[in-house]
Amino acid sequence: MEERRRHRRYEVKGLAGTLAGRHSFAVLTLSRGGVLAASAFEPPVGHVFDVELPLGAELFRSSARIVFAGEDRGAPRSHRYRFGLAFTVESEEDTLLLDRFLRRELEATAETEPA
């Protein structure tokens, strides 16, 4: 099977963000291109939201398009909907912040974990 993804995904624990400043979500995976998230809110596919993610001591900001959304009936109500966010617009500063976070926090951890 051919891999369609352009960016490596990293599993994340304990990272949360917000859509449009009011809908919180838990980050399940994070990549250079976007986020797989879970939330009590089901965002409409195709909609673009402003996204904020605290990465260490700094705040990453970008616009992101909802590329898919679906209900996970086995999940708790607070994480009932899973959705994919594709980053669409971010500043050069935020791009560098995300790259640093991925490199320092997630790539280093992924390299030390057994396969």
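Here, partly exposed means a relative accessible area between the buried range, under 20%, and the exposed range, over 50%. Keep that in mind for what follows, which all comes from a predicted model.

**Salt bridges**

Searching the whole structure turns up 7 salt bridges. Here are three of them, with the N to O distance for each pair.

| Pair | N to O distance |
|---|---|
| R61 and E52 | 3.3 Å |
| R100 and E58 | 3.4 Å |
| R73 and E71 | 3.6 Å |

Let's start with R73 and E71, whose closest N and O atoms sit 3.6 Å apart. E71 has 40% relative accessibility, so it counts as partly exposed. R73 comes in at 69%, which makes this arginine exposed. Elsewhere, salt bridges with shared partners link R32, E90 and D99 into one network.

Next up is the R100 and E58 pair, a side-chain salt bridge. R100 belongs to helix α1 (residues 92-112) and E58 to strand β6 (residues 58-71), so this bridge ties together parts that lie 42 residues apart in sequence. Both ends are partly exposed: R100 has 25% relative accessibility, and E58 has 40%.

As for R61 and E52, their side chains also meet in a salt bridge. R61 is partly exposed at 45%, and E52 is partly exposed at 31%.

**A look at S39**

Is S39 buried or exposed? With a relative accessible area of 3%, S39 is buried. This serine sits in strand β4, which covers residues 34-39. Leaving out residues up to four places away in sequence, S39 touches S24, F25, R77, S78, H79, R80, Y81 and F83.

Methods. Residues numbered from 1 in each chain as written. Predicted model: local features only at pLDDT ≥ 70, side-chain atom pairs only at ≥ 80, totals over all residues. Heavy atoms only, no water. Helix = DSSP H or I, 4+ residues; strand = E, 2+ residues; numbered from the N terminus. Buried < 20%, exposed > 50% of the residue type's maximum accessible area, 1.4 Å probe, protein only. Contact = heavy atoms within 4.5 Å. Salt bridge = Lys/Arg side-chain N within 4 Å of Asp/Glu carboxyl O.
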